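Subject: Structure handover

Hello,

Here is the structure I promised you. Please open it first, then read my notes below.

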Amino acid sequence: MLRDITLGQYYQADSVIHRLDPRVKLGSTILFIISLFVFDGVAGYFVAAIFLMLVINLSKVPFKFMVKGMKAIVFLLLITVVFNLFLTPGEPLVTIWKLKITKEGLKLAVLLAIRLSFLIIGSSIMTLTTTPNQLTDGLEKMLHPLNRIKVPVHEIAMMMSIALRFIPILMEETDKIMKAQLARCADFDSGNIIKKAKGLVPLLVPLFISAFRRANDLAMAMEARCYRGGEHRTKMKPLRYARRDFIAYAVVLCYLVIGVAAGQMGSFLFALVGITGGALI
């Protein structure tokens, strides 16, 4: 289960997406996430699905590898779907005891499940095709204007980079500790919620100790190398936009325009069909 988490991992490949400027991938990911909340109706999500499939194909990252990362959010996805199915008021479709599945709840649950799945996959593409160092440089470059108002941009970017870098390391450490505790007859699955929570203590205590030890070692290593923040620091490989980056920006803008237009067109056709059907009745 822990090895199925792909967030923060980098998949080595030679693709157009890998060669893009990290600022393009960061900005495009943010715009894609915003589009999932802006698009209205099935037509908009259909356009988002086609765009996502195109990007996955260009990235040369196996689709199975990306889907593997979805296993970590299955429980959250199920909770979201169930709550929207039974707690959304509207026209009832199915009644189970005192609970009702409404037409509006079914529609909202499906759309939210699709939205959450697309959000996770879209974010995974960015981390799978961009190294932590590239993400740090791209984020720092994008937030550079905030330096004028004394915002520590370099430190913020460095913290995010370290957090992303430590996700797979901590997941691997958790897996090792869990296997070691299972070899000592630890039980993480049986019993009620309270017993399961108590059973996690032998896992969480060494994990926190290991995390603090790693953080202390990293801090000492940075101090030994005279790290003093981002002031007067230069880049060995400064970021520069290439032709493919401008093409990528144009493709993302076209996707947004087509998605919004498709959503509005779908809503118009749906309303037109409803009016026509009402008139015939």
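At what angle do helix H8 and helix H10 pack, and how far apart are their axes? Helix H8 (residues 153-183) and helix H10 (residues 201-224) pack at about 140 degrees, with axes 10 Å apart. That makes H8 oblique to H10.

Some background. This is a predicted model: local features need pLDDT of at least 70, side-chain atom pairs count only at pLDDT 80 or more, and totals for chains, interfaces and linings use all residues. Residues are numbered from 1 along each chain as its sequence is written, and side-chain values use heavy atoms, with hydrogens and water left out.

Now the terms. Helices (H or I, at least four residues) are DSSP runs, numbered from the N terminus. Axes are lines fitted to C-alpha atoms over the stretch in contact, and angles run from 0 to 180 degrees between N-to-C directions. Under 35 degrees is roughly parallel, over 145 roughly antiparallel, 65 to 115 roughly perpendicular, and the rest oblique.

**H8 and H10.** The contact (heavy atoms within 4.5 Å) includes Ile162, Phe166 and Ile169 of H8 and Pro202, Leu203 and Pro206 of H10. Its residues divide into twelve nonpolar, three polar and two charged. Here Ala, Val, Leu, Ile, Met, Phe, Trp, Tyr, Cys and Pro count as nonpolar, Asp, Glu, Lys and Arg as charged, and the others, Gly among them, as polar.

**H2 and H6.** Helix H2 (22-38) and helix H6 (103-128) pack at about 180 degrees, with their axes 10 Å apart. They are therefore roughly antiparallel to each other. Among the contact residues are Phe32 of H2 and Phe118 of H6. This contact has eight nonpolar, three polar and two charged residues.

**Pockets.** A pocket is an open set of points on a 1 Å grid over the protein atoms alone, where a 1.4 Å probe fits, with protein on both sides within 12 Å along at least five of seven lines; lining residues have an atom within 4 Å of a point. Grid points are joined across faces, edges and corners, and a volume is the space filled by probe spheres set on the points.

The largest pocket has a volume of about 1,200 Å³. Of its 38 lining residues, the closest to the centre are Asn133, Thr136, Asp137, Glu140 and Lys235. H8 gives the most to this lining, with eight residues. The lining has 14 nonpolar, ten polar and 14 charged residues.

The second largest pocket holds about 460 Å³. Its lining has 16 nonpolar, four polar and two charged residues.

Best wishes

Terms used:
Helix = DSSP H or I, 4+ residues; strand = E, 2+ residues; numbered from the N terminus.
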